[in-house]
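Good morning, and thank you for coming. Please look at the structure on the screen while I speak.

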Amino acid sequence: MAPWTGTAATTRLQEPLTKVLGEAKNKDRYAKLGLGTVGDLLRYYPRRYGEPGTMTDLSSLVVGEHVTVMARVVKTSVRTMASRGGAMLQAVVTDGTHDLSLTFFAKSVGALRGHEFKLRPGLTGLFTGIVSEYQRTRQLTHPDYFFLGVDTENEETARARASRIIPIYPANAAIPSWKIARCVSVVLDPLTPQDVPDPIPQEIRRRRHLVDLHQAYLDIHQPQDLDQVARGIRRMRYEEAFVLQTALAQRRSRASQLEAVSRPLLLADGDRPSILHDFDAALPFTLTAGQRAVGQEIAEDLSSTRPMQRLLQGEVGSGKTVVALRAMLQVVDAGGQAALLAPTEVLAAQHARTLTTLLGDLAAGGLLGGASHGTRVALLTGSQNAKDRKQNLLDAASGAAGIVVGTHALFSAGVQFAELGLVVVDEQHRFGVEQRDALRAKAAKVPHLLVMTATPIPRTVAMTVFGDLETSTLREIPSGRAGVVTHVVPAGKPSWMNRTWSRVRDEIASGRQAYVVCARITADDGGADDVDLDGSDIESEDDTAGTTAPGRTTRPLRAVYEVAEELRNHPALAGVRIGILHGQLPPAEKEATMAAFTAGQIDLLVSTTVIEVGVDVPRATAMVVLDADRFGLSQLHQLRGRVGRGDHAGICLLVSAIPEEELLPVGASPAAFEAASPASQRLATLAGTADGFELAAADISLRREGDVLGSAQSGRSSSLRLLRVAKDGTVIEAAREDASEIVDRDPELADHPVLREAIAERLPQERAEFLERT
């Protein structure tokens, strides 16, 4: 490797890695690990650490994994192969109890002598490769290897390596762990503390008892013991939280400087008629205590000249739509308009129908039969016919429509508002901060903002991903909801599947309706449609970027069209009216299908997850989710929330390809739970509770941080690599406090250039979506 060729201290971390290492020709192999600069490499942390004399448990290896193991050579033998020609070397390594074979092939015995000489019995080393199995024996074929205390430059280095713990990095076939360690040494050894600008101010490091950044790199990459590792990780976890919280504090600070139009509540006994007052008086149900409390918080925010920035989260079916509608009516009463942004055309149309139904004659302002002081609900989507679109654009621009519902079409240049006073974003995880701000920019003054999500969010996650918003929570389910019972059904048991379809028929025969959810549209579409099947690789711990997770199967997923055809011919469902819905249907057909299902003209809807959020059909009481083990926990909970929304109890049947003997029973012991597959854990968790907040916490514990925080925070480009959002609440709280203090004194970070640069470098998509639930 080439000697260090860095220039100014401030640019050393930005030096191209291939230039520093003198390996320009190997640029691609570093790029595959997400490594482009010296700074990237120093933030590429070891996956684990091996202690001298501590071997890897070879019995834990999974076929298909790319692994790096520490073991001792037991024996080595070379022989010619009479049957196929050439030669083969076989070595056996051990952890002291279990063995692993190493196999090498060559054209001649002589070509294997080098391996035979190096793989001497008694030597301890690191061996890396993909685990396979031959004649019931686990093996690595043509593994790379490195011997501790032997493959080093000199005796002094050998003794040093042999006496300290060994960092083991996430690696791939092109760059094994020990080569990554060597590269780290090349770039880290010449650095001094002055070469490594620290984004955490010294006063905060002192207060929080944190080492500086240079020492943290040494602690993590070249530790003498595990205490040093813990010290370095503690510092880097805090830094990750601090940089993100500072960015969020800046957003809060900038928002506080903006001015909005106050939209106070119109007094019910005033001279002007109030749409909100009349709406409340006509409601056929009583608002829950939670709805009233959250409504009061929102009403006070809307009355302020500081723009509201509030997150409304709630359990599935907790009545967020009514709360949002009351906020919109308060703004309309005060002379403004409200825009409701939905992620899909199906959901936008559903919202428009729901709001119009709830408002009754109050939604027909200026029309025959409408209330004299009413307003209108306009729907804008990208696929509307020209006539409807023209009328709705006119209603929005003139102010005749006090409420405008739409999809991304609301962002288009042709959409104008008379006086936009409130933006409501439904299912915020489907939109980025930049998108919601683009809609707010259509107002003369900054409109108020209400963000809604039906995915309950634990406090630590809310602080991390929605840290620029105040949070309101709805936990209480309105009275009259009968609830949902959930069962797991093994797909491999024909008798169970027949009973599943008979159970669906029972519901339909009683005058109710059902959903069947599939992951794909057609059997040959090559992948999932409206679903990110995160279930199968949540627990991947392989050392190879981009490899298939251990245990992931390639079984075909059930598809909408094949399932619909199968059910049309199933004896238990004879005469049942079956409809199809998925995201690739023409918009008019989607709208017509959903309207028919809502009207009860379709008994059973075979659909992708396009019905996941917002769809409200009170007569729907049964749901069958096929390939349920391949869906995420949060998504399954959202799907389940589509049934049991009326007077009758719902039933959700989760059909899984997991063998019956591997399925966890509800209430399984902690030991059995830990031993089960992640998919079994998710299904048992969902069947065991209907509490969305419990499920949200469980979901996070089963996920990687990148899955929790979404595409802008996932993968090796993530700014969160060590921070555990589910577990590091204390760290996040402390970082939030320190970040707020810094931003209060220095809003634009003029006196903290390193921190400012860290935000720009690590959060280039800070204005893009932070949370993407699946």
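Let me begin with how elements are named: helices (H or I, at least four residues) and strands (E, at least two) are DSSP runs, numbered from the N terminus. Residues are numbered from 1 along each chain as its sequence is written, and side-chain values use heavy atoms, with hydrogens and water left out. Please keep in mind that this is a predicted model, in which local features need pLDDT of at least 70 and side-chain atom pairs count only at pLDDT 80 or more, while totals for chains, interfaces and linings use all residues.

First, the overall picture. The protein has 26 helices and 21 strands. Buried residues make up 54% of its 774 residues. Here, buried means under 20% relative accessible area, exposed means over 50%, and partly exposed lies in between, with a 1.4 Å probe and protein chains only. A contact means heavy atoms within 4.5 Å. Among contacts between residues at least 6 apart in sequence, 73% join residues at least 24 apart.

I turn now to backbone angles. Most residues other than glycine have a negative phi. Leu749, however, has a positive phi, near 60 degrees. Leu749 sits in the loop between α25 (729-745) and α26 (753-762). Is Leu749 buried or exposed? Its relative accessibility is 0%, so Leu749 counts as buried. Arg136 is also not a glycine and has a positive phi, of about 65 degrees. Its loop runs between β5 (124-134) and β6 (137-141). At 83% relative accessibility, Arg136 counts as exposed.

Next, helix packing. Two packed helices are described by the angle between their axes and the distance between the axes. Axes are lines fitted to C-alpha atoms, for helices over the stretch in contact, and angles run from 0 to 180 degrees between N-to-C directions.

Consider helix α13 (residues 345-359) and helix α19 (residues 587-598), which pack at an angle of about 45 degrees with their axes 10 Å apart. These two helices, α13 and α19, are therefore oblique to each other. For that word, angles under 35 degrees count as roughly parallel, over 145 as roughly antiparallel, 65 to 115 as roughly perpendicular, and the rest as oblique. Which residues of α13 and α19 make the contact? From α13 come Glu345, Val346, Ala349, Gln350 and Arg353, and from α19 come Pro587, Lys590, Glu591, Met594 and Thr598. By class, this contact of α13 with α19 has four nonpolar, two polar and four charged residues. In this scheme Ala, Val, Leu, Ile, Met, Phe, Trp, Tyr, Cys and Pro count as nonpolar, Asp, Glu, Lys and Arg as charged, and the others, Gly among them, as polar.

Thr356 also lies in helix α13. With a relative accessible area of 37%, Thr356 is partly exposed. Leaving aside residues up to four places away in sequence, Thr356 touches Ala363 and Val377. Thr356 and Val377 are 21 residues apart in sequence and 6.6 Å apart in space, C-alpha to C-alpha.

A second pair is helix α10 (residues 275-282) and helix α12 (residues 320-333), packed at an angle of about 145 degrees with axes 8 Å apart. Ile275, Leu276, Phe279 and Asp280 in α10 meet residues of α12 that include Leu325, Arg326 and Leu329.

Finally, the cysteines. A disulfide is a pair of cysteine sulfur atoms within 2.5 Å, and by this rule the count is zero. Cys183 is buried at 3% relative accessibility, and Cys518 is buried with a relative accessible area of 1%.
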